[in-house]
Amino acid sequence: MSGLTGIYRIAGTALNAQSRSLDMIAQNMANSQVVTGSEETAYRAKRPIFAPLLEQASLASGETSGVQITSMAESQANVERQRMPEHPLADSEGYIYLANVNMVEEMTNMVQATRSYQANVEVMNTSKDLLMRTLALGN
Amino acid sequence: MNLLDKAFGISPAALMLRSQRSSVLAANIANADTPNYQARDYDFSATLRDAMQGTTSGLAATDEGHISLVDKNEVGTTMYRLPTKTKQNGNTVEEEIEQAAFSENAVQYQTSLQFLNGTIRGLRLAIKGE
């Protein structure tokens, strides 16, 4: 489906994807202070993986219509460890493991996701305006 | 081409194409963060010329057994945009350019609507004979 009515779905999928992305960012920031007793269980920042959403009818022409989050990747950044023998979660060598969340990175991702969200809202508003004018054609 | 089509001229085809282009540009904006996504757009004047001549720039169905790849209601084919810069993830969508193109396209759509409205008003006047 193409044309102005199709835009609602395209922009809608983008709004959905960006809000899920914002969800993950909020989760990362909320868990930035989480401490664990081993490197494997340490909290790792989550990242959305975006992919174009292909519609069945438009597969032949290769047209995309919208976007989706296909999977979630974990940040590969190093997990920092701290020597704190008195900590209740410390391992046998006295280390605790911090979350690998970088606050600056999360904040920039948040700004980017917010701007993408706003751009898609703008697209929706403009299309609505054009559709309403088309409906009023000849009046 | 019947009389009414002649009266409306190029505007209906332009309107159709503008609405299709807006959906392509919306898909570009929606995929601004998608890795390896290639931004697309129409070559507007070439596509409109094809639409007016009744030809499409895609593969022609020269035999009854041929299956058309393009929707009958759709005209033209999209092409990949040549980016001025590529992002690290291979994405070629440049948000500002896409937003500018989208808003320019919206204005052009309204222009075509305005022309159509003028024609309709003129036709009404002629029919009523006032």
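**Reading a predicted two-chain model**

Q: Which residue of β5(A) does Arg81(A) stand opposite?

A: Arg81(A) faces Tyr97(A), which lies in β5(A). Strands of a sheet pair through backbone hydrogen bonds, either parallel or antiparallel. β4(A) and β5(A), residues 95–98, pair in the antiparallel sense over 3 bridges. Here strands (E, at least two residues) and helices (H or I, at least four) are DSSP runs numbered from the N terminus, and two strands pair if DSSP finds at least two bridges between them. This is a predicted model, in which local features need pLDDT of at least 70, side-chain atom pairs count only at pLDDT 80 or more, and totals for chains, interfaces and linings use all residues. Residues are numbered from 1 along each chain as its sequence is written, while chains are lettered from A and ligands numbered from 1 in the order in which they are written.

Q: In what order do the 3 strands of the open sheet in chain A lie?

A: The order is β1-β5-β4, with antiparallel pairing. β1 (35–36) and β4 (81–83) of chain A are the edge strands, each pairing on one side only.

Q: How is the length of helix α2 of chain A to be checked?

A: The expected span of a helix is 1.5 Å times one less than its number of residues. Helix α2(A), residues 103–135, has 33 residues and should therefore span 48 Å; its end C-alpha atoms are 48 Å apart, which agrees.

Q: Which residues of α2(A) are buried?

A: A residue is buried if 20 or more other C-beta atoms, placed from the backbone, lie within 10 Å of its own, exposed if 12 or fewer, and partly exposed in between. The buried residues of α2(A) are Asn109(A), Ala113(A), Ser116(A), Ala119(A), Asn120(A), Val123(A), Thr126(A), Ser127(A) and Leu130(A). They pack against α1 (4–30) of chain A together with α2 and α4 of chain B.

Q: Which residues have the most contacts inside the largest nonpolar core?

A: In soluble globular proteins, nonpolar side chains tend to be buried together. A nonpolar core is a set of buried Ala, Val, Leu, Ile, Met, Phe, Trp, Tyr and Cys residues joined through C-beta atoms within 7 Å. The largest one here has 30 residues, and Ile10(A), Ala11(A), Val123(A), Ala26(B), Ile29(B) and Ala30(B) have the most contacts inside it. At least two residues of this core come from each of α1, β2 (46–54) and α2 of chain A and α2 and α4 of chain B. α2(B) gives the most, with 9 residues.

Q: How many residues of chain B are in contact with chain A?

A: Two residues are in contact if their C-beta atoms, placed from the backbone, lie within 7 Å. By this rule, 27 residues of chain B are in contact with 29 residues of chain A. On the chain B side, α2 (11–30) and α4 (95–128) are the elements that give two or more residues, and α4(B) gives the most, with 10. Leaving aside neighbours within four places in sequence, Ile29(B) is in contact with residues including Ala119(A), Asn120(A), Val123(A) and Phe102(B).

Q: Which elements of chain B have the lowest and the highest mean pLDDT?

A: pLDDT is the predictor's confidence in each residue, from 0 to 100. Helix α3(B), residues 44–53, has the lowest mean (76) and α4(B) the highest (92). Chain B has a mean of 82, and 82% of its residues reach 70 or more. For the complex, the predictor gives an ipTM of 0.82 and a pTM of 0.81.
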